[in-house]
Amino acid sequence: MRRLKRARERHIWAARRLARRIVTTSAIAGALHLTAYTGPARSAETGVSDPHRIAVAEDTDRDLLTDREELTLGYLPFRADQNGNEVADGAELATRCARALAQLPSLTQVTDSGQTFKQEMLVFGLQTCDVCGEAVNMGVIRVVNHALGLTVDIPVIASHYMEHGSFSYGGQINRGRVEVARLARALNVRFPCEPNEHHLPLAHVIEELGRIAPDANDLDGDLLADSEELAAGLNLYDADQDHNLVPDGIQLAHRYAEIIDRLPTVEPDEPQAAGVYKVSYMMRGLEWCEICGQSVNMGYWQIVNAATGGSIEIPEIARHFMEHGSFSSLGTLHGGSRIDVAALLETIGWPIECGDLGTAYPPGDLNQDCTVDAEDFVELVNWWLGATEPDSR
Ligand SMILES: [Ca+2]
Ligand SMILES: [Ca+2]
Ligand SMILES: [Ca+2]
Ligand SMILES: [Ca+2]
Ligand SMILES: [Zn+2]
Ligand SMILES: [Zn+2]
């Protein structure tokens, strides 16, 4: 089953690669006609799919976050779809914040005093949504983050709009805009990506074993320990070095799981191959993931770099966690462990496809989609307009 799934994934990957190559070829052809290009920027869908998504002023890339909000959040004001999923980033952040708000415990459900909670201060009265006519309470939801000393009030009507992907809201009584950066801070939401239970915190401790990660210091909160970032030559202070709105630790784990999947597989008794390959030490037996309960082979992969002579062992359970974006793993047989990230990177090498963390974009590729084409020209014009209009910032 797993093999079937992998074969399918490999197929999808090959198809994507082919598509990318086709795009590159047509882009070269397109670049010759730059001046004749008059079409609009294909900047994702800019949030028009749901009528709740109200356009905001001073939003250069029209992703439903104002330029100022983007700068405060650490987003890029000239790119509407930084994570490349064809959903405007502001709409995504709004729905993500709405979910975080819905999942927040109330004061009575709080188990430790440092936990962020919400107080639903409902009143006797309803107002209807301008867009869909739904009746919601006229009250507010208060978010209290004691650790940061932050309190943010969100009208219930605003949370209704956030569920639909908009921080701007309009009802019979309340209309306006949520204080985006303040709310995101209070909810501890910086990126639109959904959390996953497999993303074990670096401070995760197992009795007798102690801490899984080499240290629990993670200044930027990207799930790479400071010591790992130093060893790998990454930036301790930047959770998202390639601006794709995915924390770099999660992203690297995903990416290396894909790369390991695609490495040629060699059986232990086969003659040694060249380049980087993986030797299968799968065994007759299973272990289970402590998070999702999935069973995986209890064996491991040995990743070998024939050129450097380096190698590293990756248990199948660890590969399962990497697929879910974590270098830490918890299995019924291997217990808690964490991959030596620097050693993994050294054995396999940095990913070298354009757009990978740590790789450079071609000169002129302003929207960082790995092709230099008419869209970059549009980007340049947008940037120029934004930079020269005295009112915009
Ligand atoms: Ca924007
Ligand atoms: Ca997006
Ligand atoms: Ca870090
Ligand atoms: Ca990233
Ligand atoms: Zn509505
Ligand atoms: Zn799992």
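Helices (H or I, at least four residues) and strands (E, at least two) are DSSP runs, numbered from the N terminus.

Which residues of helix 7 are buried? They are D248, G249, I250, Q251, L252, A253, Y256, A257 and I260. Buried means that 20 or more other C-beta atoms, placed from the backbone, lie within 10 Å of the residue's own. These buried residues pack against strand 11 (276-281), strand 14 (300-305), strand 15 (311-315), helix 8 (316-323) and helix 9 (341-348).

## The model and the whole chain

This is a predicted model: local features need pLDDT of at least 70 and side-chain atom pairs pLDDT 80 or more, while totals for chains, interfaces and linings use all residues. Residues are numbered from 1 along each chain as its sequence is written, with chains lettered from A and ligands numbered from 1 in the order in which they are written.

The chain has 10 helices and 17 strands, and 35% of its 393 residues are buried. Take the contacts (C-beta atoms, placed from the backbone, within 7 Å) with a separation of 6 or more: 53% of them join residues 24 or more positions apart.

## Around E228

E228 sits in helix 6 (residues 226-232). It counts as buried because it has 25 C-beta neighbours inside 10 Å.

Leaving aside neighbours within four places in sequence, E228 is in contact with P214, V341 and A342. D340 is 112 residues away from E228 along the chain, yet their C-alpha atoms are separated by 8.2 Å.

## Helix 3 and its two partners

Helix 3 (residues 89-103) packs with helix 5 (residues 180-187) at an angle of about 45 degrees, their axes 10 Å apart. That makes the pair oblique, the class left after angles under 35 degrees (roughly parallel), over 145 (roughly antiparallel) and 65 to 115 (roughly perpendicular). C97, A100 and L101 in helix 3 meet L183, A184 and L187 in helix 5.

With helix 4 (residues 156-163), the axes of helix 3 come within 7 Å and cross at roughly 125 degrees. Helix 3 is oblique to helix 4 as well. A94, T95, C97, A98 and L101 of helix 3 make this contact with S159, M162 and E163 of helix 4.

Notes:
A residue is buried if 20 or more other C-beta atoms lie within 10 Å of its own, exposed if 12 or fewer, and partly exposed in between; C-beta atoms are placed from the backbone. Two residues are in contact if their C-beta atoms, placed from the backbone, lie within 7 Å. Axes are lines fitted to C-alpha atoms, for helices over the stretch in contact, and angles run from 0 to 180 degrees between N-to-C directions.
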